[in-house]
Amino acid sequence: MEHVDIRSSAQGTPLVVLRGNREWRIVVEPVRWFERVSWWEQSRRMPRGQGRVDVEVWQVQVRLGNNVRSSIATWELVRDGAGGGWCLRGEEVAAA
């Protein structure tokens, strides 16, 4: 997964995704959920000190900068458990 930077509102909602020196603006209210981490698929035991079993995910629809002609892409942003940053999990162009 690719690491990205996020600019968020005071409430923690993503507003802008910084990817590859480009600014992608959120154009639709993002959707948030939590997923169970399948740690057992990578290890026989839960890693020491990692007591969390859920990971935060945001689905966002973004457009490149302020360009209204830019295609809208749908991405899933996953919280990186190791460093607290964000990773881009999937990318699809929305059929708008």
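Buried means under 20% relative accessible area, exposed over 50%, and partly exposed in between (1.4 Å probe, protein chains only). This is a predicted model: local features need pLDDT of at least 70, side-chain atom pairs count only at pLDDT 80 or more, and totals for chains, interfaces and linings use all residues. Residues are numbered from 1 along each chain as its sequence is written, and side-chain values use heavy atoms, with hydrogens and water left out.

Q: Is Arg36 buried or exposed?
A: The relative accessible area of Arg36 is 54%. The cut-off for exposed is over 50%. Arg36 is therefore exposed.

Q: Which residue forms a salt bridge with Asp54?
A: A salt bridge is a side-chain nitrogen of Lys or Arg within 4 Å of a carboxyl oxygen of Asp or Glu. For Asp54, the closest N and O atoms of the pair are 3.6 Å apart. The pair links distant parts of the chain, strand β5 and strand β4, 18 residues apart. The partner is Arg36.

Q: In which strand does Glu35 lie?
A: Strands (E, at least two residues) are DSSP runs, numbered from the N terminus. The run that holds Glu35 covers residues 31-36. That is strand β4.

Q: Which side chain joins Glu35 in a polar contact of 3.0 Å?
A: A polar contact is a pair of N or O atoms within 3.5 Å; within protein, one must be able to donate a hydrogen and the other to accept it, and residues adjacent in sequence count only if both atoms are side-chain atoms. Glu35 makes a polar contact with the side chain of Trp33 at 2.9 Å. The contact of 3.0 Å is with Arg89.

Q: What is the N to O distance in the salt bridge of Arg89 and Glu76?
A: Side chains of opposite charge can pair when their charged atoms come close. Arg89 counts as partly exposed at 36% relative accessibility, and Glu76 does at 24%. Their side chains meet at an N to O distance of 2.7 Å.

Q: How many bridges join strand β2 to strand β3?
A: Two strands pair if DSSP finds at least two bridges between them. Strands β2 (residues 14-19) and β3 (residues 22-26) run antiparallel. In β3, Arg22 is the bridge partner of Arg19. The number of bridges is 4.

Q: Which residue in the turn of the β2 and β3 hairpin has a positive phi?
A: The hairpin has 2 residues between its strands. The phi in question is about 55 degrees. The residue is Gly20.
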